[in-house]
Amino acid sequence: NGNLSQDKTHIKLTQKELIGVPASTIAQMKKNKKGEYLVRLRISSLYISIVRNAKDPNVRRKVMIAFENIQAEKNIKILEQILDLRYKMAKMLGFETYAHFVLADRMARHPSKSFAFLKDLQKKLTPKMNAELKVLLKLKQKDYPKAKKIEPWDWRYYAYQLKKTKYAVDTEKIRQYYPLEHVMTKVFFI
């Protein structure tokens with residue numbers, strides 16, 4: 001459906017709220033008569049740049065929640081219809097659930113094998129995730145000494161700060177050497 005591709009949702013942010021956001025990102029935004037910047041949420045590059053760079057966690061939270069709820073009401077209804085139709089189709093074809101239907105001719109063969117694989121994966125990856133979150137939390141505690149955890153709207157910001165400080169990777173600086181028009185021309189020439 002076109003709900004997401006045709007979405008015109010935007011949020012308004014002030015210059016102060018955009019502290020830390022690169023000028024190249026801000027230049028892509030329109031301003032209203034009050035001088036507020038209009039952030040089109042459908043443009044994921046704007047979203048990513050804001051949640052990676054905006055210093056204010058409340059701004060990152062506001063942008064993330066708005067982005068993740070684009071067309072939510074309409075799409076939840078559509079998703080419910082899809083799930084219902086998939087279930088009915090699986091039943092008509094003699095399967096217990098849609099998962100049983102999809103996996104019947106695949107390597108896993110049964111949902112229980114998929115769940116077991118995912119549980120095993122979770123068991124192996126959780127210690128690594130916790131270690132990474134500890135590193136990010138230490139970074140956050142430099143800004144907010146009383147912080148106890150990394151919130152969902154924090155991880156992109158602090159992961160990017162870590163990338164810039166520990167690994168000296170700054171995508172804004174890299175962008176200078178790869179102008180979009182030049183890159184697009186070269187990529188399509190290949």
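Two strands pair if DSSP finds at least two bridges between them. Helices (H or I, at least four residues) and strands (E, at least two) are DSSP runs, numbered from the N terminus.

The model is predicted: local features need pLDDT of at least 70, side-chain atom pairs count only at pLDDT 80 or more, and totals for chains, interfaces and linings use all residues. Residues are numbered from 1 along each chain as its sequence is written, and side-chain values use heavy atoms, with hydrogens and water left out.

**Exercise 1. The sheet**

Task: Determine the order of the strands in the open sheet and the sense of their pairing.

Solution: 
- Step 1. Strand 1 (10-13) pairs with strand 3 in the antiparallel sense, over four bridges. Within this pairing, His-10 stands opposite Arg-40, and Leu-13 has Tyr-37 as its bridge partner.
- Step 2. Strand 2 (30-31) is joined to strand 3 (residues 37-40) by two bridges, and these strands also run antiparallel. Here Lys-30 has Leu-38 as its bridge partner.
- Step 3. The three strands therefore form an open antiparallel sheet in the order 1-3-2. Strand 1 and strand 2 are the edge strands, as each pairs on one side only.
- Step 4. As background, strands of a sheet pair through backbone hydrogen bonds, either parallel or antiparallel.

**Exercise 2. Faces of the strands**

Solution: 
- Step 1. Buried means under 20% relative accessible area, exposed over 50%, and partly exposed in between (1.4 Å probe, protein chains only).

**Exercise 3. Helix 7 and its two partners**

Task: Describe how helix 7 meets helix 2 and helix 6.

Solution: 
- Step 1. Check the length of helix 7. Its 12 residues should span 16 Å at 1.5 Å a residue, and the end C-alpha atoms are 16 Å apart, which agrees. The expected span is 1.5 Å times one less than the number of residues.
- Step 2. Take the axes as lines fitted to C-alpha atoms, for helices over the stretch in contact, with angles from 0 to 180 degrees between N-to-C directions. Angles under 35 degrees count as roughly parallel, over 145 as roughly antiparallel, 65 to 115 as roughly perpendicular and the rest as oblique.
- Step 3. The axes of helix 2 (residues 44-53) and helix 7 (residues 155-166) come within 6 Å and cross at roughly 75°. Helix 2 is therefore roughly perpendicular to helix 7. The residues of this contact divide into five nonpolar, two polar and four charged. For these classes, Ala, Val, Leu, Ile, Met, Phe, Trp, Tyr, Cys and Pro count as nonpolar, Asp, Glu, Lys and Arg as charged, and the others, Gly among them, as polar.
- Step 4. Helix 6 and helix 7 pack at about 95°, with axes 9 Å apart, so helix 6 is roughly perpendicular to helix 7. Helix 6 contributes Val-135, Leu-136, Leu-139, Lys-140 and Asp-143 to the contact. By class, the contact has eight nonpolar, one polar and two charged residues.
- Step 5. The buried residues of helix 7 are Tyr-157, Tyr-158, Tyr-160, Gln-161 and Leu-162.

**Exercise 4. Lys-140**

Task: Is Lys-140 buried or exposed?

Solution: 
- Step 1. Lys-140 lies in helix 6 (residues 111-143).
- Step 2. Its relative accessible area is 9%, so Lys-140 is buried.
- Step 3. Leaving aside neighbours within four places in sequence, its contacts include Asp-154 and Tyr-158.

How values were computed
Contact = heavy atoms within 4.5 Å.
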